[in-house]
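Subject: The structure I promised you

Hi there,

Here is the structure I said I would pass on. Have a look at it first, and then read on for my notes.

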Amino acid sequence: MKTKTIGFIGGGNMATSLIRGLIASGHSPRQIWVSDTSAELLNAHADQLHVNTARDNATVVNEAEVVVLAIKPQVLREVALEIAPLLKHKHGLMVSIAAGIGQRSLALWLGGDTAIVRCMPNTPALVLTGATALHANANVNDEQKDLAENILRAVGLTLWVDDEAELDTVTAVSGSGPAYFFLLMEAMEAAALQMGLDERSARLLIQQTALGAAKIALESADSPAQLRARVTSPGGTTQRAVETFQQGGFEALVSKALHAARDRSVEMAKQLGAD
Ligand SMILES: NC(=O)C1=CN([C@@H]2O[C@H](COP(=O)(O)OP(=O)(O)OC[C@H]3O[C@@H](n4cnc5c(N)ncnc54)[C@H](OP(=O)(O)O)[C@@H]3O)[C@@H](O)[C@H]2O)C=CC1
Ligand SMILES: O=C(O)[C@@H]1CCC=N1
């Protein structure tokens, strides 16, 4: 990627994962700008990541060729309206990572001729294993599409969706997804402790098992069901555990949870008048 200056408005959890990932993949911290309302957070980023920081969002917009809106959906409108006048004389690219907030509203707030890519990354970007889906509005040219894709691909896998509504589903699947796996790890660890394993051993065994399962799934052409069958000896321990999960309504619960996340993405946008 021809190195561009990337600005982040909002330097919280997801921005930090992206910034750390970009630096780990070779992007110069000197070509990264971050603004945030928290001086403490900006000081930490300057000390630890050696990126440029600013208390005001205007500096980031002025310095960066690509601006990533990494604030909560609830403050996006206010920030977009604040920076919109600064975009009039620029032909840069805006990237929003906010859940739910649609292209129509972003264009309304930022200006109708603004090139906007909406995307849904996830926190494993931190370790260059992110998964991001992107959607471009009609103002985004091929070069800008490549630019957005290259930034996100530097920290993991990318794919484009044509139908913007699919981003709500992506949010429920991979945006929030890491938390589901952590929840399972938490529950497994608690059970292992109840059964007498010490915390360190339980955590290590669970982490390595999650990594191993993910690696097999990625490297094999087989479906998750086929991979599961290979662990499940007839009448053995896995079968007993899987039956216990299923008797508890595991699949239905997972489906319900993902639908709830997708619906919340749609609902947040509606509540903010930004669908
Ligand atoms: N976390 C995740 O896994 C993912 C998050 N996202 C999206 O990323 C966005 C950010 O989420 P996340 O990183 O979790 O949130 P955080 O709250 O961790 O980060 C947002 C940051 O923006 C700061 N902020 C608030 N108002 C302003 C402002 N006016 N100008 C500049 N900065 C401001 C916040 O400060 P303060 O705390 O003081 O308000 C905070 O530090 C959301 O829109 C979310 O939907 C997308 C994919 C995954
Ligand atoms: O929880 C959220 O709303 C954000 C979007 C996806 C992950 N975190």
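This is a predicted model: local features need pLDDT of at least 70, side-chain atom pairs count only at pLDDT 80 or more; totals for chains, interfaces and linings use all residues.

Where the two touch, domain 1 contributes 8 residues and domain 2 contributes 6 residues. On the domain 1 side of that contact you will find 4 nonpolar and 4 polar residues, with no charged ones.

Along the principal axes, the C-alpha atoms fill a box of roughly 70 × 40 × 35 Å. The chain holds 12 helices and 8 strands. It has 275 residues, of which 33% count as buried. Among contacts with a separation of 6 or more, 67% are between residues 24 or more positions apart.

Now to some of the strands. Strand β1 (residues 6–9) and strand β4 (residues 66–69) run parallel and are joined by 4 bridges. In this pair, Ile6 stands opposite Val66 of β4. On to the next pairing: β4 also pairs with strand β5 (residues 93–96), again in the parallel sense and over 4 bridges. There, Leu69 has Ser96 in β5 as its bridge partner.

The ligands come next. Around ligand 1 there are 27 residues, and those that come nearest are Gly10, Gly12, Met14, Ala98 and Ala99. Two helices, α1 (13–24) and α4 (73–87), each supply at least two residues of this shell. By class, the shell around ligand 1 is made up of 14 nonpolar, 11 polar and 2 charged residues.

The unreviewed entry has a "binding site" annotation covering Ile9, Gly10, Gly11, Gly12, Asn13, Met14, Ala70, Ile71, Lys72 and Pro73. These residues span 65 residues in sequence, yet no two of their C-alpha atoms are more than 14.1 Å apart, so they gather at one spot.

Two of the annotated residues are worth a visit when you open the model. Is Ile9 buried or exposed? Ile9 is buried, because 28 other C-beta atoms lie within 10 Å of its own, and 20 or more is the cut-off for buried. This residue lies in strand β1. Not counting residues up to four places away in sequence, Ile9 touches Ser35, Asn57, Val60, Val67, Leu69, Ala70, Ile71 and Val79.

The other one is Met14, which lies in helix α1. Met14 is also listed among the residues that come nearest to ligand 1. With 24 other C-beta atoms within 10 Å, Met14 is buried. Leaving aside neighbours within four places in sequence, Met14 is in contact with Ala70, Ile97, Pro121 and Thr123.

His50 is not a glycine, but its phi is positive, near 60°. His50 sits in the loop between α2 (39–49) and β3 (52–54). It counts as exposed, because it has 12 C-beta neighbours inside 10 Å and the limit for exposed is 12 or fewer. Leu128 likewise has a positive phi, of about 60°, although it is not a glycine. You can find Leu128 in the loop between β6 (115–120) and β7 (130–136). Leu128 is partly exposed, with 14 other C-beta atoms within 10 Å.

Those are my notes. Enjoy exploring, and do write back with any questions.

Best wishes

Key: Residues are numbered from 1 along each chain as its sequence is written. Chains are lettered from A and ligands numbered from 1 in the order in which they are written. A residue is near a molecule or strand if its C-beta atom, placed from the backbone, lies within 6 Å of it. Ala, Val, Leu, Ile, Met, Phe, Trp, Tyr, Cys and Pro count as nonpolar, Asp, Glu, Lys and Arg as charged, and the others, Gly among them, as polar. Two residues are in contact if their C-beta atoms, placed from the backbone, lie within 7 Å. UniProt positions are given in the numbering used here, feature names are shortened, and annotations may be inferred rather than shown by experiment. Two strands pair if DSSP finds at least two bridges between them.
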